[in-house]
Amino acid sequence: MTDIIIAGIGQTDVGEHWDIGLRELAFTAIEAALQDAGGLKPQAMYVGNMLAPNLSHQSHLGALLADFAGLTGIEAATLEAAGASGGAALRQGYLAVKSGLVDVALVVGVEKMTDQVGAGVEEALATAADSDFESVQGLTPSAQAALLMQRYMFEYNVPANGFAGFALTAHANGAGNPHAMFRKAIKPETYQKAEPITPPLNMFDAAPNADGAAALVLTRRDLLPADWPASRPLVKVAASANASDTLALHDRKDPLFFEAVYLATRRAIKQAGITLDQIDFLEYHDAFSIYAALSLESGGFAIRGAGWKMAAEGRISLTSNLPCVTMGGLKARGFAGGATGVYQAVEATTQLRGLAGACQVKDARVGMIQSLGGPASTAVVHILTRL
Amino acid sequence: MTTPTSSPSLLKPSRPVGFIGYGAYVPRYRLPAREVARVWTGGRVAGLPVKEKAVPGFDEDVITMSIEAAKNALARAGISPTELRAVWIGSESHPYAVKPSSTVVAEAIGASANIQAGDWEFACKAGTEAIVAAMGFVGSKMADYALVIGMDTAQGKPGDALEYTAAAGGAAYIIGPAENALVIINASYSYVTDTPDFWRREYQKYPEHGVRFTGEPAYFHHITTSAKTLMETLGVTAKDYKWAVFHQPNTKFPQRAAQMLGFTPEQIAPGLLVPVIGNTYSGSSILGLTAILDIAQPGDRILLASFGSGAGSDAFDLTVTDRITERQGKALKTQDYIARRTEIDYAIYARMRGIITMK
């Protein structure tokens, strides 16, 4: 089986880019990825984005970005799976190259969430939930997470501030990521005094909305440029899986279990031919701290009700057995919507190449990234390994 | 717009001018921020932007308030209102969209008909550009005395973050030749860009704003640029001033602007009124200045930098003269207005501000 290699990566800083438009933001990442890929020319571009039609009045990003990147004529389309759009776009690129029908695929995730303010943004984000039965009743993504967190804390007797470990870890790691939105570690007191958003969620239990773009270039190993340096570590996509669950929370068999994360994780480790304990680091989708806890449990990394303890006891830190959110995660890197899944892949590649600097996981060879849409109504899981 | 690479020249008139009189006005009613929180956030009092804000009474508006501030300024100036040759009022809450507040005020204070009059608008700094214009009007010897007022009865959208701070109040200044002045205006500098941080279309009742965008790209960028340019061109730093006063939309912004420019908390303390009266919009920085002038000593050097959304900042370098001591007490001081306080609750506030739909 031919290896699918991530030949090039690129990303912008994550932040409030009020002075940079959607297409310019995407192009910055695209240009960097193409350069990093050493001159490979893509035949296809897959875009991960969830809110541009709403917040930027711009759909049809495939054609727009291919054109703006000087790649007019190539195949291009957008993949949308709410917060998992980036993961879905990555999977599409992988499928295209793996099938042999596309030699080089460019995957770009881009999102601009901060050009609008107030209710309009909440409304746009709520399109990820069930419009007819959830959003129309006023259920927002934060409220969904708050309901789950409240139930979880009740079922498992989680003490107040029990979820602090997720934010503390994310911010500690974000401090070492030059592209992250927040680059300062926070103290436990900061979490404890944080303003409530939707109780029991406080400000540090939710990832901040942000703008950003990340891109990568996929190709087959035999298509790498002739002048590819032998010393440059090769990172391959060892597994790719996408699973869905009920869209509406009220249709879940068991709201405190992310079935889609379970299914996609199992499929992925089977494809990669590994066991969970062989994973050197995990980038879970911490849009909310409760989703981090549930992802750890549903993926099989923690027993039910004990996910929060992993974070509280420092067992997800860079020096632990399972480093998580190694470069800040959604919480400290910033939540750049549909670009997130691609940021995760770019960061995982950086880890596997040994270039993560202050965030480096020692001897990283196998990384798992999980991209979620809503409360894991979609879960896209990839495993990247260093050859 | 582009910022020229060379240092711009400062705005200085042909003959020296200054403030020959100043006067404040703040309405008596106060709505505590915790009252707004009680209604809208279930009483969340952590991180409120001010303690309370000033609210105009039933029969008060920019015209009535301007008349009282103008009378205070005339008392300190010691001139007859008939000597005024201009009456200019800046506000974002003029009672009429068409019909100037200034003509009503001019007649009410006894000015003659031989005046230039008009209303000014630039969001929260609508008073200070009229000061700059008056510097030119008087400084060019077109006339000896011009009355300039910045006054507002700001309307806060119910439930919006700005409802805690949108307040009423302002100040009046009479600009005249430096020989009679209490305060000499040494120089001014204005910095303006097209930055849409806060706006209200013609038939909108309440303004809209860009939330976080109103901070760094708007308020901080314009105030620090105007103040720094003024100070660098004059060859001075924060240490050369006794006092400083900035536009005050909330407590934190002017404190941070002061810190960024090298001013100490003590330098801005007497002029920092926003915690107890809220953001008086066009009155904000110039009302803060009146509180400083009430306690200023001859020779005190003062920096003032206003900010108006849309956006821009006017910076002024001021020096207090010997004449201040005998004229400070000739009218009510700003702290007198602040001490005159009647607390109201949100229900009375809603009735006073016309928020309750009657039909």
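## Chain B: overall build

Chain B contains 12 helices and 14 strands. The model is predicted. For the 359 residues of chain B, a compact globule would have a radius of gyration near 21 Å; the chain has 19 Å, so the two agree. Its C-alpha trace spans about 55 × 45 × 35 Å along the principal axes.

Of the 359 residues in chain B, 52% are buried. Contacts reach across the sequence. Take the contacts in chain B between residues at least 6 apart: 79% of them join residues at least 24 apart.

## Chain B: the sheet of 9 strands

One sheet of chain B is open and has 9 strands. Its order is β5-β4-β6-β7-β1-β8-β13-β12-β11, and the pairing is mixed. The edges are β5 (116-120) and β11 (243-246) of chain B. Each has a single partner strand, so one side of each lacks a neighbour in the sheet. On average, neighbouring strands of this sheet are turned by 20° against each other, direction ignored.

Strand β8 of chain B covers residues 183-195, and β13 of chain B covers residues 310-320. They pair in the antiparallel sense over 10 bridges. A187(B) has D317(B) of β13(B) opposite. Helix α3 of chain B, residues 101-108, packs on the sheet. This helix touches β4 (86-90) and β5 of chain B. The direction of α3 makes about 130° with that of β4(B).

## Chain B: the sheet of 3 strands

Another open sheet in chain B has 3 strands. They come in the order β3-β2-β14, again with mixed pairing. Here the edge strands are β3 (52-55) and β14 (342-343) of chain B. Each of these has a single partner strand, so one side of each is left without a neighbour in the sheet.

Strand β2 of chain B spans residues 29-32. It pairs with β14(B) in the parallel sense, over 2 bridges. In this pair, R30(B) stands opposite E343(B) of β14(B). Helix α1 of chain B, residues 33-40, packs on the sheet and touches β2 and β3 of chain B. The helix direction makes about 50° with that of β2(B).

## Chain A: overall build

Chain A has 13 helices and 9 strands. Its radius of gyration is 19 Å, close to the 21 Å that the globule rule gives for 387 residues, so chain A is as compact as a globular protein of that length. The C-alpha trace of chain A spans about 60 × 45 × 40 Å along its principal axes.

In chain A, 58% of the 387 residues count as buried. Of the contacts in chain A with a separation of 6 or more, 78% come from residues 24 or more positions apart.

## Chain A: strand β4

Strand β4 of chain A runs over residues 104-111. The strand is mostly covered, with 8 of its 8 residues buried. In a regular strand, side chains alternate between the two faces of the sheet. In β4(A), V104(A), L106(A), V108(A) and V110(A) point one way. A105(A), V107(A), G109(A) and E111(A) point the other way. All are buried, E111(A) and G109(A) included.

β4(A) is joined to two strands described here. Strand β2 of chain A, residues 44-48, runs parallel to β4(A) and is joined to it by 5 bridges. A44(A) stands opposite A105(A) in β4(A). Strand β5 of chain A, residues 212-220, runs antiparallel to β4(A), with 8 bridges between them. The bridge partner of G109(A) in β5(A) is A214(A).

## Chain A: helices α1 and α3

Helix α1 of chain A (residues 22-36) packs against helix α3 of chain A (residues 61-68). The angle is about 60°, and the axes are 10 Å apart. The crossing of α1(A) with α3(A) is right-handed.

From α1(A), the contact uses R23(A), A26(A) and F27(A). From α3(A), it uses L64(A), L65(A) and F68(A). By class, the residues of this contact are 5 nonpolar, no polar and 1 charged.

## Between the chains

In the contact between the chains, 7 residues of chain B meet 5 residues of chain A. The side of chain B that touches chain A has 4 nonpolar, 2 polar and 1 charged residues.

Terms used. Residues are numbered from 1 along each chain as its sequence is written. Chains are lettered from A and ligands numbered from 1 in the order in which they are written. This is a predicted model: local features need pLDDT of at least 70, side-chain atom pairs count only at pLDDT 80 or more; totals for chains, interfaces and linings use all residues. Two residues are in contact if their C-beta atoms, placed from the backbone, lie within 7 Å. Ala, Val, Leu, Ile, Met, Phe, Trp, Tyr, Cys and Pro count as nonpolar, Asp, Glu, Lys and Arg as charged, and the others, Gly among them, as polar. A residue is buried if 20 or more other C-beta atoms lie within 10 Å of its own, exposed if 12 or fewer, and partly exposed in between; C-beta atoms are placed from the backbone. Helices (H or I, at least four residues) and strands (E, at least two) are DSSP runs, numbered from the N terminus. Two strands pair if DSSP finds at least two bridges between them. Axes are lines fitted to C-alpha atoms, for helices over the stretch in contact, and angles run from 0 to 180 degrees between N-to-C directions. A crossing is left-handed if the near helix is turned anticlockwise from the far one by less than a right angle, and right-handed if clockwise. The radius of gyration is taken over C-alpha atoms; the globule rule is 2.2 Å times the number of residues to the power 0.38.
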